Amino acid sequence: MSLGTFLFPESSVLDFSDPFSTEVKPRILLMGLRRSGKSSIQKVVFHKMSPNETLFLESTNKICREDVSNSSFVNFQIWDFPGQIDFFDPTFDYEMIFRGTGALIFVIDSQDDYMEALARLHLTVTRAYKVNTDINFEVFIHKVDGLSDDHKIETQRDIHQRANDDLADAGLEKIHLSFYLTSIYDHSIFEAFSKVVQKLIPQLPTLENLLNIFISNSGIEKAFLFDVVSKIYIATDSTPVDMQTYELCCDMIDVVIDISCIYGLKEDGAGTPYDKESTAIIKLNNTTVLYLKEVTKFLALVCFVREESFERKGLIDYNFHCFRKAIHEVFEVRMKMVKSRKVQNRLQKKKGATPNGTPNVLL
């Protein structure tokens, strides 16, 4: 049994009848043509589904919404749109959808002819930008596992050039598109989703600053703050992220969680496999130590430390205690803000106003 079994909420079919259903939580929209891999991405990242199992997924034929509430920082909704839906139909309220959206992920199948996908991308981005200029537009150039390294680079360059040229021709150069090469068969999809989610975390500068202070005072090479369920890292220090380093961190989390699920529960199956006592040390053959510590029941700190620096483990543990305390304080501030906004939304709802502030008038 995986940790996701304990923690994941069930997905649900979208209900447009409650305009306040997304209060506080930002939305992430998954869009793209049919069979581009949208549902597979969601299942692999947030449900720990094996990539091979996604081959048997049926094509999505309705808009599905899922709440992701693993922690106070990883807290959003994912709306998975079927590729064949015409959400620009006059009877479809696309303004309501885009108005509360934090990020729009458009998935392009790199192994298919992507001219139609680029046209749909342009239409989607321009329409969404008119409604909400604060949306982060993310383009996943997906299924790159079947391409050579040279072909990957060329495909990304071509899609990047064509998409931005289309925006320039429409006089929309100020719209920024971020591009990622992704595949569900390696860690690239987790890294890409990490960068998307980080943009939706208002406390990100504070978290990065705390990590910088922690590593500089502890002799640590690199540190990540991970959501243990999805393996999304919500923050890291200011040093560059190396893909191999990130993959090692993901593998370590998998090992820790799998072993904890086997040996960490009580005989009657009670308890949680990941708790405040969870910690792990893995020594690599290149004089580097991987050190994992629980921060909250959903977050873990994973550090890269040189063996000579790890000899001062007492200092690292003391600094970690201070870091953990600071993270919990940030959590408390975040929760107070969330509660305050929920109260404001309830008051607004009682007054008979819609989410955009327009009062309901009874005729």
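Me: Contact means heavy atoms within 4.5 Å. With that in hand, which residues of α4 meet which residues of α5?

Reply: A word on the model before the answer: it is predicted, local features need pLDDT of at least 70, side-chain atom pairs count only at pLDDT 80 or more, and totals for chains, interfaces and linings use all residues. Residues are numbered from 1 along each chain as its sequence is written, and side-chain values use heavy atoms, with hydrogens and water left out. Now to your helices: Met115, Leu118, Leu121, His122, Val125 and Thr126 in α4 meet Ile159, Arg162, Ala163, Asp166 and Leu167 in α5. In general, an α-helix has 3.6 residues a turn, so residues three or four places apart point the same way.

Me: At what angle do α4 and α5 pack?

Reply: Axes are lines fitted to C-alpha atoms, for helices over the stretch in contact, and angles run from 0 to 180 degrees between N-to-C directions. Helix α4 (residues 115-131) packs on helix α5 (residues 149-169) at about 40 degrees, with 10 Å between the axes. The two are therefore oblique to each other, given that under 35 degrees is roughly parallel, over 145 roughly antiparallel, 65 to 115 roughly perpendicular and the rest oblique.

Me: How many helices and strands does the chain hold?

Reply: Helices (H or I, at least four residues) and strands (E, at least two) are DSSP runs, numbered from the N terminus. The chain has 10 helices and 12 strands. Of its contacts with a separation of 6 or more, 69% join residues 24 or more positions apart.

Me: What share of the chain is buried?

Reply: Buried means under 20% relative accessible area, exposed over 50% and partly exposed in between (1.4 Å probe, protein chains only). Buried residues make up 50% of the 363 residues. Among the buried residues of α6 are Phe190, Glu191 and Phe193.

Me: How many aromatic pairs are there?

Reply: Rings of Phe, Tyr and Trp (its six-membered ring) pair if their centres lie within 6.5 Å; planes under 30 degrees apart are stacked, over 60 edge-to-face and the rest tilted. By this rule there are 12 aromatic pairs. One of them is edge-to-face, Tyr291 with Phe310, at 5.2 Å centre to centre and 80 degrees between the planes. This pair links distant parts of the chain, 19 residues apart: Tyr291 lies in strand β11 (residues 288-294) and Phe310 in helix α9 (residues 307-310). Both Tyr291 and Phe310 are buried. Elsewhere, ring pairs join Phe46, Phe76, Phe140, Tyr180 and Phe193 into a cluster.

Me: Over which ring does the charged end of Lys231 sit?

Reply: A charge sits over a ring if NZ of Lys or CZ of Arg is within 6 Å of the ring centre and within 35 degrees of the ring normal. For Lys231 the ring is that of Phe190, 4.8 Å from its centre. Lys231 is in the loop between β8 (220-227) and β9 (232-236), where its phi is near 65 degrees, a positive value in a residue other than glycine. At 10% relative accessibility, Lys231 counts as buried. Lys222 likewise lies over the face of Phe224, 5.5 Å from the ring centre.
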